[in-house]
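I am opening a notebook on this structure and will write down what I looked up, entry by entry. The entries follow the order in which I turned to each part.

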Amino acid sequence: MSASSGDAITNFALELRALLRSRGRSEVFAVHVDPALLHNVHLLGRYDDFVAPGDTIVYHASIGNRHVTDLLLSRPERLALVYHNVSPATSFEGYEPAFAELLRAARDEVARLRPRVAAAIAVSQYNASDLSSLGYDDVHVVPLIVNPARLHGIEPDPAMRDHLDAHVRGPMALFVGQLLPHKRPELLVEALHCVATYLEPSAHLVLLGARRIAPFAAALQRQIVELGLANAWITGALGDSEMRAFFDRADVFVTASDHEGFCVPLLEAMSFDVPVVARGTSAVPETMGGAGIVLDPPDGTLVLAEAWAAALEPATAAHLTRLGHRRLAAFDANRTRMRWAELLGAVGD
């Protein structure tokens with residue numbers, strides 16, 4: 001429902017728009033639009049200004065909004081549902097109860113749309129299974145159109161690069177993603193405490209992503225202070241040139257997320273020859289495809305810390321890097337564009 005800079009779903013909607021514009025008209029609409037994107041994304045209230053007979057709506061579902069669902073049910077246009085999955089409401093109840101309610105309602109709203117949907121598309125098999133549990137049949141699975149190497153064409157920010165060179169004196173673990181409860185960054189902080197205490201005293205952890213929920217971000221910062229982790233750093237949201245500097249410097253990519261419908265940063269890390277350590281939840285093992293160290297979700301932070309340290313060993317890192325190269329070949333953007341074009345074209349016929 002929201003279009004945000006750097007958001008994977010927003011980026012994909014814009015990528016899909018570019019594909020559809022090569023064949024005709026296409027626009028992107030959202031209920032809430034980041035001011036930085038107002039030149040590129042329309043507020044949903046302007047939908048009637050652009051719609052024409054014979055159009056198809058491509059709806060990206062990841063959060064609930066009863067008014068949007070009612071609108072989709074009332075429109076005559078054909079409807080294609082792209083399901084990105086819905087974050088677990090329980091993760092947000094202690095921080096943003098109203099947002100948790102939107103998430104809780106989202107699955108019911110996706111189920112309400114089922115009779116209206118001409119094509120149901122999931123970006124992972126994990127998401128497809130979830131759609132099937134909501135009563136959808138014949139769910140198509142097509143991955144996101146991703147360019148994991150997109151940052152390679154951007155020069156790293158010189159000031160950030162120099163800062164990292166001057167202040168990061170040991171192996172650096174990087175996490176990229178919004179700092180939200182279901183991403184479980186607190187587990188990464190706990191794991192850093194284990195790594196720094198028992199395995200590698202000079203280890204660093206960088207949590208790179210927007211602080212979407214202020215109380216949660218504040219609690220995370222308090223945890224870092226209470227554990228005395230001078231080498232842990234929450235950057236907040238950064239631009240592409242700054243992000244490039246962090247990927248260039250990273251020695252390992254780590255994520256402890258409870259819930260991912262796809263997880264693009266895993267592939268971005270592979271493109272920079274950064275070995276990946278991840279908890280094997282939701283769609284993470286599917287996206288990884290064996291190209292990293294995937295931990296059983298019940299494993300504790302000590303196991304995560306041991307895997308983190310293992311990925312820093314030169315032989316292990318080189319092996320994981322080779323696996324990453326092979327995995328990236330499965331996400332060829334041109335092949336994926338062709339699959340999306342064929343599928344959405346069939347909806348419009």
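**Entry: strand β12 and its neighbours**

I began with alanine 173, which stands opposite valine 252 in β12. I kept in mind from the start that I was reading a predicted model. Looking at the two strands as a pair, I found that β9 and β12 are joined by two bridges and run in the parallel sense.

I then asked which way the side chains of strand β12 (residues 252-255) point. Val252 and Val254 point one way, Phe253 and Thr255 point the other way, and all of them are buried.

Next I followed β12 to strand β13 (residues 276-279), to which it is joined in parallel by three bridges. In that pairing I saw threonine 255 standing opposite alanine 278 in β13.

**Entry: strand β10**

I turned to strand β10 (residues 204-208) and asked how many of its residues are buried. The strand is mostly covered, with five of its five residues buried. His204, Val206 and Leu208 point to one side of β10, while Leu205 and Leu207 point to the other.

On its pairing with strand β9 (residues 172-176), I recorded five bridges, with the two strands running parallel. Leucine 174 is found opposite valine 206 of β10. To get from β9 to β10 the chain passes through helix α6 (residues 185-199), and I noted this β-α-β crossover as right-handed.

β10 also pairs with strand β11 (residues 232-236), again in parallel, and here four bridges join them. I looked up leucine 205 and found that its bridge partner in β11 is alanine 232. From β10 the chain crosses to β11 through helix α7 (residues 214-226), in a β-α-β crossover that is right-handed.

**Entry: the sheet of β5 to β8**

In which order do the four strands of the open sheet lie? I read the order as β5-β6-β7-β8, with parallel pairing. The edge strands are β5 (56-61) and β8 (140-141), each of which pairs on one side only.

Inside this sheet I looked at strand β6 (residues 78-83) and strand β7 (residues 119-122), which pair in the parallel sense over four bridges. Valine 82 has isoleucine 121 of β7 as its bridge partner. Helix α3 (residues 97-113) packs on the sheet and touches β5 and β6, and its direction makes about 145° with that of β6. Helix α1 (residues 8-21) lies across β5 and β6 as well, running at about 160° to β5.

Most residues other than glycine have a negative phi. With that in mind, I looked up two exceptions.

Asparagine 85 is not a glycine, yet its phi is positive, at about 80°. I located asparagine 85 in the loop between β6 and α3. Is asparagine 85 buried or exposed? Its relative accessibility is 5%, and therefore asparagine 85 counts as buried.

Aspartate 273 also has a positive phi, near 60°, in a residue other than glycine. Its place is the loop between α9 and β13. Because its relative accessibility is 39%, aspartate 273 counts as partly exposed.

**Entry: cavities and a pocket**

How many cavities of 30 Å³ or more are there? I wrote down two. The largest cavity holds about 50 Å³ of space, and among the residues that line this cavity are Tyr59, Ser62, Val86, Glu109 and Leu113. β5 and α3 each supply at least two residues of that lining, and the largest share, four residues, comes from α3.

Last, I looked at the second largest pocket, in which about 170 Å³ of space lies. It is lined by 14 residues, of which Pro143, Ala330, Phe331, Thr336 and Arg339 lie nearest its centre. The elements that give two or more residues to this lining are α10 (284-288) and α13 (333-348), and α13 provides the largest share, three residues.

Definitions and conventions
Residues are numbered from 1 along each chain as its sequence is written. This is a predicted model: local features need pLDDT of at least 70, side-chain atom pairs count only at pLDDT 80 or more; totals for chains, interfaces and linings use all residues. Side-chain values use heavy atoms; hydrogens and water are left out. Buried means under 20% relative accessible area, exposed over 50%, partly exposed in between (1.4 Å probe, protein chains only). Two strands pair if DSSP finds at least two bridges between them. A crossover is right-handed if, with the strands pointing away from the viewer, the path from the first strand over the helix to the second runs clockwise. Contact means heavy atoms within 4.5 Å. Axes are lines fitted to C-alpha atoms, for helices over the stretch in contact, and angles run from 0 to 180 degrees between N-to-C directions. On a 1 Å grid over the protein atoms alone, a cavity is a set of points where a 1.4 Å probe fits but cannot get out, and a pocket is an open set with protein on both sides within 12 Å along at least five of seven lines; lining residues have an atom within 4 Å of a point. Grid points are joined across faces, edges and corners, and a volume is the space filled by probe spheres set on the points.
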